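Please consult the sequence and the model alongside the text.

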Amino acid sequence: MAEDSGEDKTEPASPRKLEEARKKGQIPRSHELSTFSILLTGLVALLIMGPDVFKALEQLFNKELRFDHATVSNPKLMLEHFIAAAGIALRACLPIFAACAVAALVTPVAIGGLLFTFETVTPNFTRMNPMNGLKRMFSMRAVVEAIKAILKSGLIGGVAAYALWNEKEQFIQLVVMPQDVGFSYLWGMVKHTLLMVVGAMAAIPLLDVPYQLWEYYKGLRMTKEEVKREYKESEGDPHIKGRIRQLQREAARKRMMANIPKADVIVTNPTHYAVALQYTEKMRAPVVVAKGAFLLAERIIELGREHKVAVIRTPPFARALYHHAELGEEIPAALYTAAAEVLAYIYQLQHYRKHGGLEPALSEELPVPPELDPEAPRP
């Protein structure tokens, strides 16, 4: 096998291998892009619906989180307050959660496309092999993912810490601010911090998406031997293809021979070529039902005579039909007149044999255009 020989995988994956990988659930994915998309969607939704959310939170603090003596001493009232508070918070945040859920579902399709497969959940005991698990833990991909996690945590934590540090004095003053002013100021701080964090995170998917695509296609690369083997499998072995073509020709020849009894006339060269024609009132022009040269021509003539099909010698017409009329198709329009004379002669000959009278004769010079007869003299 090429995989065992240590041959370098230098060839890009073929469409067939990409399709097989896709069927197995192997498609490029960027978790960083999904994370960024969810955060960005949540931020946009929060910017649009933020005032309503903080208004709901203000209502929550004013009505549901202020307990009097009767509420504190009555667990039933406390539960009612808790349910009401949860309902207010859920109604306020539900549109944001819904937008984030849609982003989580749509974003992965942007890279690998839509895919439904049960291949990844099919039991595979090789995944439970401890050695394979250790290899994955210490693989280059695991190292890259660890570095990404450290850099991402440092970036997000650093930006968030920087934003909050600049707002530390105002953050402390929230304790003494009136509630309406405090909520308004808190909303500004949250918005500013989220904008900085999400903006900083934009660099992560910009680097991760090209890396994931590169790693995906690199993992599917093929050796030259694999490419040759796949080509042979897809195109077929030349000997097998030759045998298939031979069988197809034999089958076509058998069908052609079976149509000879239906022919009205067989025109010959007399022995080099033979073409069988059939014509009915439903046809626009005569149709070639069989044609052949040399031995095949002799067989066509012999079979035609066995089924009492008229065989006539018309060398220019036979040559023109053999070279310019396709099997199973109508004859060329330039040969209509010659064909009409031949068929008229055949019908007259049949009438003569049944009823007697004057024996018909076929013209020795049929109107065959010289350009259709390969043996016609050239000026």
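## Basis of the description

Helices (H or I, at least four residues) and strands (E, at least two) are DSSP runs, numbered from the N terminus. In this scheme V275 belongs to strand 2.

The model is predicted, so local features need pLDDT of at least 70 and side-chain atom pairs count only at pLDDT 80 or more, whereas totals for chains, interfaces and linings use all residues. Residues are numbered from 1 along each chain as its sequence is written, and side-chain values use heavy atoms, with hydrogens and water left out.

## Annotated transmembrane regions

An unreviewed UniProt entry carries the annotation "transmembrane region" for residues 33–50, 96–121, 142–165 and 185–207. UniProt positions are given in the numbering used here, feature names are shortened, and annotations may be inferred rather than shown by experiment.

In the model, residues 33–50 are 100% helix and 0% strand, with 24 Å between the end C-alpha atoms. Residues 142–165 are likewise 100% helix and 0% strand, and their end C-alpha atoms lie 34 Å apart.

An open sheet of mixed pairing is formed by 4 strands in the order 3-2-1-4; two strands pair if DSSP finds at least two bridges between them. Strand 3 (287–293) and strand 4 each have a single partner strand and stand at the edges, so one side of each is left without a neighbour in the sheet. From one strand to the next, the twist averages 20°.

Strand 1 (residues 265–268) pairs with strand 4 in the parallel sense over 4 bridges, and V265 stands opposite A310 in strand 4. Strand 2 (residues 273–278) pairs with strand 3 in the antiparallel sense over 6 bridges, with L277 opposite V288 in strand 3. Buried means under 20% relative accessible area, exposed over 50%, and partly exposed in between (1.4 Å probe, protein chains only).

## Nonpolar cores

A nonpolar core is a set of buried Ala, Val, Leu, Ile, Met, Phe, Trp, Tyr and Cys residues joined through side-chain atoms within 4.5 Å. The largest has 24 residues, and those with the most contacts inside it are V265, V267, L277, F317, L321, L335 and V342. Strand 1, strand 2, strand 4, helix 14 and helix 15 (336–355) each supply at least two residues of this core; helix 15 gives the most, with 7 residues. Another core, of 14 residues, lies apart from it and includes A274, A290, I301 and L303.

Contact means heavy atoms within 4.5 Å. Not counting residues up to four places away in sequence, L321 touches V267, V275, L277, I331 and L335.

## Individual residues

V275 counts as buried because its relative accessibility is 0%. Residues up to four places away in sequence aside, the contacts of V275 include V265, V288, A318 and L321. V275 and Y322 are 47 residues apart along the chain, yet their C-alpha atoms are separated by 6.5 Å.

F294, in the loop between strand 3 and helix 13 (295–306), has a positive phi of about 55° although it is not a glycine. F294 counts as exposed because its relative accessibility is 51%. K308, in the loop between helix 13 and strand 4, has a positive phi of about 60° and is not a glycine either.

Notes
Axes are lines fitted to C-alpha atoms, for helices over the stretch in contact, and angles run from 0 to 180 degrees between N-to-C directions.
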